Each structure stands twice: as C-alpha cells, then as structure tokens.
Amino acid sequence: MDRETSSPSGSAAEALDWASRQPAWWHDSGNLNIRVLDAVARHGQGIGLRESAETGCGLSTVVLSTIAERHTCFTIAEGDSLEKVRAVPHLQAERVDFVIGPSQRTLPSFDFPRPLDLVLIDGPHGFPFAHLEYYFFYPRVRSGGILVVDDIHIPTIRQLYDVLRDDRMWEHVEDVLTTAFFRRTEAPVFDPFGDGWERQQFNQRHFAQPEVMDIYAPGWRALMPPPPAPLLGQNSDVVPTQAADALRQEVARLRAENAALRASTSWRVTAPLRSIGSLLRR
Ligand SMILES: C[S@@+](CC[C@H](N)C(=O)[O-])C[C@H]1O[C@@H](n2cnc3c(N)ncnc32)[C@H](O)[C@@H]1O
C-alpha cells in the first residue's frame, strides 16, 4: 500500500492501520482515503494538535479522536456513518463531542470554547454548504493551525479552494488526492461582518488583469466606475507591479473612451451648446 511515511504514535498508529484495511465505502457516504488520513494525522501531530473539529463523520473521526485532546464532530445521524463510527473500538469516544444535526443549523450557534488547531470540512457538499462551514470556522482557526478541505474536484468546492489559494490568511501546504491542506498564517482575520471584497487577494489578482474577467461578464469594463482604491494598490496587499499594470490599463481604457466620445457625431453636434453653457457660467 502506498502510504505516507509518518510515525504516528500509539493509538493513532493503530487507528490508521485499522483504517487502511477498511473498504472505500466503509460507510455509505464514502470515507477519506488512507493517504489523506495519514496526512491528517501527520499534520495534526506536527502542530501538536489539541483542539479539532470536522463536519461529517467517518474514518477521519476515529483518527482525529486518537490525536486531538478534544474533537468536535458536526454530523447528521442519517445514513450509517455515525453509527459505524461509534462502534469502532479505536474511537476515543471520551474525547469526541458529536453535535448532531445539519451543520447548516448547528455550526452558526456553536460556541467554540478555544481556538481550533485543525478543521476538516467534509460534511454536506452541495453549494454553498462547504462555503458556509468555512465562514463559521475560519475566524476560529489559530495561526499555524491547519484547514483541510475535502473534495476539491467538485467544481463548487474548487471555487472555495481557488479563493483560499490566493488568500493571505492561508498558506497552501499540499493536496493529497482530492483533499487540500492549508496552514493559517499570521495575517489578520478577514472581518466576518464587513465586506472588503476589493481587499481579497483572489479579486485583486483578477483586477490586476481586468481583461481576464471578460469571461464573467463581457463588456463590464465599459460599464464600471474606476475600481476601488485597494484594487489599484492603495492601502492594499496587491503586488505593486500588478497594481501599476491594472492602473495603466484602466487609464488607457478611459483615454480611449474619451477619444471615442470626442470624435463622435453627438459630441460635435452638441459643441455649440457647450460653448453657450461655458459663456453663461463665466
Ligand atoms: C463524505 S462523508 C465524510 C467522510 C469522513 N470524513 C470519513 O473520513 O469517512 C460526509 C459526511 O457528512 C455527513 N453529512 C451530510 N450532510 C450533512 C449535514 N447537512 N450536516 C452535517 N453532516 C452532514 C454525512 O452523514 C457523512 O457523515
């Protein structure tokens, strides 16, 4: 078996060994691959994991219960994943708090007593549920903590992944099969109650090359007012050369628009009116 060479200790090693012998559909929602579980254990042990949380349950719950001091699992009791997990002898049940119910309902009102060292998002996969879970988790993850996002091949979850890949709050550590691992940086928490889209690196990267956004809405560049200051590199994190390029492109576009307007028939036809207007204003 092609497994990561890590050296998880004691009960974690036993749980991983047991997990490596389970079928891909050990429970009816589909479990994490052993290579991903190995990586979860490796990262968890690497950061001295104490406090973890996940959405959904399965083999990951068993493994995380052997590593974390406290593990909170937000899951529904439908299907067989929960009952199967609860019956596994390797589960360190006394360390796990199961919060039963749709995470869409349970997460928003959950009061995390301590910062989280590791979060695994692997519950409901429809849009916007992984995004929603991310929203309630991200302010809780401590600097140096690990965020694991499963199923990055699902297009909607890929969008979340793409945004995180650019985000200064996260350093992309690795992808294992279809699971992504990010490390929380020292960057300030993005205000969960504000807006600030123009300060987000994913948007800034796109605005640095505005023409790439034509695929989203052809013609948008002619309709918009100038981009907000942060997109132009003022008080922002955008790479200066990209910001300067964006600004130059914007200036060129406005000049071209201005020239086209001045050359237009209506501009020439209304010239006498503008002359009268400026005489009256004197
Ligand atoms: C892909 S499985 C998780 C696999 C698990 N990480 C493992 O290693 O075996 C998805 C899990 O999400 C749970 N789930 C589905 N919808 C949910 C919801 N709305 N809220 C919370 N959990 C949900 C399923 O019951 C299942 O346990």
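Which residues touch the most other members of the largest nonpolar core? Keep that question in mind as we walk through the structure.

**Before you start**

This is a predicted model, where local features need pLDDT of at least 70, side-chain atom pairs count only at pLDDT 80 or more, and totals for chains, interfaces and linings use all residues. Residues are numbered from 1 along each chain as its sequence is written.

**Stop 1: the whole protein**

Colour by secondary structure. The protein has 12 helices and 7 strands; helices (H or I, at least four residues) and strands (E, at least two) are DSSP runs, numbered from the N terminus. There are 282 residues, and 34% of them count as buried. A residue is buried if 20 or more other C-beta atoms lie within 10 Å of its own, exposed if 12 or fewer, and partly exposed in between, with C-beta atoms placed from the backbone.

**Stop 2: the core**

Now for the opening question: select Leu-37, Val-40, Val-63, Val-119, Val-148 and Val-149, which touch the most other members of the 51-residue largest nonpolar core. Such a core is a set of buried Ala, Val, Leu, Ile, Met, Phe, Trp, Tyr and Cys residues joined through C-beta atoms within 7 Å. Helix H2 (residues 34–46) gives this core its largest share, 6 residues. In soluble globular proteins, nonpolar side chains tend to be buried together.

Zoom in on Val-148. Leaving aside neighbours within four places in sequence, Val-148 is in contact with Val-40, Val-119, Leu-120, Ile-121, Thr-179 and Phe-181. Two residues are in contact if their C-beta atoms, placed from the backbone, lie within 7 Å.

**Stop 3: strands S4 and S5**

Select strand S5 (141–150). Of its 10 residues, 7 are buried, so S5 is largely enclosed by the rest of the structure. Strands pair if DSSP finds at least two bridges between them.

**Stop 4**

Go to Asp-122, in the loop between S4 and H6. Is Asp-122 buried or exposed? Asp-122 is buried, because 25 other C-beta atoms lie within 10 Å. Not counting residues up to four places away in sequence, Asp-122 touches Glu-54, Thr-55, Gly-56, Ser-60 and Asp-150. Show Asn-31 as well: Asp-122 and Asn-31 are 91 residues apart in sequence, yet 9.6 Å apart in space, C-alpha to C-alpha.

Pro-128 also has its place in the loop between S4 and H6. A cis peptide bond, with omega about 5°, joins Phe-127 and Pro-128.

Next, select helix H6 (residues 129–137), whose buried residues are Ala-130, Glu-133, Phe-136 and Phe-137. Looking down the axis of H6, these buried residues fall within an arc of 125°, so they line one face of the helix; the arc is that of the directions from the helix axis to the C-beta atoms.

**Stop 5: the hairpin of S6 and S7**

Strands S6 and S7 run antiparallel, joined by 6 bridges. His-172 stands opposite Phe-182 in S7. In this hairpin, which has 2 residues between the strands, pick out Leu-177, with a positive phi near 55°. Leu-177 counts as partly exposed because it has 14 C-beta neighbours inside 10 Å.

Another positive phi, near 65°, belongs to Asp-151, in the loop between S5 and H7.

**Stop 6: around the ligand**

Finally, select the ligand. Among the 22 residues around the ligand, Asn-31, Leu-32, Gly-56, Gly-58 and Ser-60 come nearest; a residue is near a molecule if its C-beta atom, placed from the backbone, lies within 6 Å of it. Helix H3 (59–65), strand S2 (70–75) and helix H5 (103–106) each supply at least two residues of this shell.

Colour the shell by residue type to find 7 nonpolar, 13 polar and 2 charged residues. Here Ala, Val, Leu, Ile, Met, Phe, Trp, Tyr, Cys and Pro count as nonpolar, Asp, Glu, Lys and Arg as charged, and the others, Gly among them, as polar.
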